[in-house]
Amino acid sequence: FLMETKLREALLSDELQVYYQPRVDSSSGSIVGLEALVRWFDCDGKSIRPDEFIPIAEDSGLITGVGEVVLHKACAHAKQLCDAGYPLPVSVNLSPKQFEDSGLLNILDDALFNSGLDHSLLELEITENAVLGNLAESIKTLELIRSRGIKLLLDDFGTGYSSLNYLMSLPLDFLKIDKIFMDKLFQDTKHENIVEFIIVLAKSLGLKIIAEGIEEPEQLDYLKRKCCDEYQGYLFSKPLPFESLLELVGDNF
Ligand code: G
Ligand code: G
Ligand code: G
Ligand code: MN
Ligand code: NA
């Protein structure tokens, strides 16, 4: 309850910021995309983790406002990068509540219109939990999003139900292999096998694969051999405030 009140005030006083974690191309090693991740520094400068406040935002309905702020900031930053000569796509996380919201398409259109960002530079990360309710209805929404040129990415794959039916039926562009698989990759051959299976399956469905949570060079070597398309993790960079990201991108190009 206290957190909810604080979050409501945070929205009014613009305490939410967006950090960006680079996604790196497998062959060139250059930055090819960014994931937008919300950060909250309260009035005392204390940081409150999204793991803590996103669930509260979801339960209280504040997630729509939070999501709107993140989308607008991410689109504006992506536009700024593009104008500076770095046309990097930015992916924004959508929680299930946002996905169900009937106002979602208007919110997306507003963020794109206000920023002037090329639609192809916006990507949305959804999880399987977002489509659990009604598959047919979800597919319609995803198709409407995609018809605008926005790309879709399935996040956290392998951590929930991971229905092969979803993977087959949903109109998607990317699949993210979750960090939990990276953590356990060399623990036993089971984990190597399942990662290899996910990669082969996703590729056969025409999806590009992003491996996330890469911390060790050994993980990267393994995934390169299995031909992932993009990599994300502390090995390359932590999520950065926009100004730091701009510097990194400048050095990288
Ligand atoms: O960046 P970090 O590891 O702290 O993020 C923790 C969790 O919060 C992750 O599951 C991430 O997907 C989620 N998250 C981060 N930013 C956003 C956001 O803008 N919207 C939503 N819905 N979730 C986010
Ligand atoms: O790893 P993580 O993304 O949580 O790093 C965030 C760190 O960056 C915080 O520990 C904080 O010290 C610093 N930081 C970046 N931007 C701000 C800001 O706007 N306010 C405050 N108080 N700290 C910031
Ligand atoms: O749920 P989602 O995949 O959106 O969340 C991504 C989260 O993972 C973010 O909170 C981000 O800060 C975190 N993250 C990204 N790369 C790494 C990494 O290499 N190691 C760890 N421990 N966390 C990471
Ligand atoms: Mn994500
Ligand atoms: Na993930």
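Which elements each supply at least two residues of the shell around ligand 1? They are β2 (31-41) and α2 (50-60).

## About the model

This is a predicted model, where local features need pLDDT of at least 70 and side-chain atom pairs count only at pLDDT 80 or more, while totals for chains, interfaces and linings use all residues. Residues are numbered from 1 along each chain as its sequence is written, and chains are lettered from A and ligands numbered from 1 in the order in which they are written.

## Around the ligand

Helices (H or I, at least four residues) and strands (E, at least two) are DSSP runs, numbered from the N terminus. Helix α2 gives the largest share of the shell around ligand 1, three residues. Among the residues around the ligand are Leu37, Arg49, Asp51, Asn93 and Pro239; a residue counts as near if its C-beta atom, placed from the backbone, lies within 6 Å.

## Meet Leu153

Leu153 sits in strand β6 (residues 151-157). Why is Leu153 counted as buried? Because it has 25 C-beta neighbours inside 10 Å, and the cut-off for buried is 20 or more other C-beta atoms within 10 Å of its own, placed from the backbone.

Leu153 and Asn93 are 60 residues apart along the chain, yet their C-alpha atoms are separated by 9.3 Å.

## The nonpolar core

A nonpolar core is a set of buried Ala, Val, Leu, Ile, Met, Phe, Trp, Tyr and Cys residues joined through C-beta atoms within 7 Å. The largest one here has 68 residues, and Ala74 is one of those with the most contacts inside it. Helix α3 (residues 63-83) brings the largest share of this core, eight residues.

Definitions and conventions:
Buried ≥ 20, exposed ≤ 12 C-beta atoms within 10 Å, placed from the backbone.
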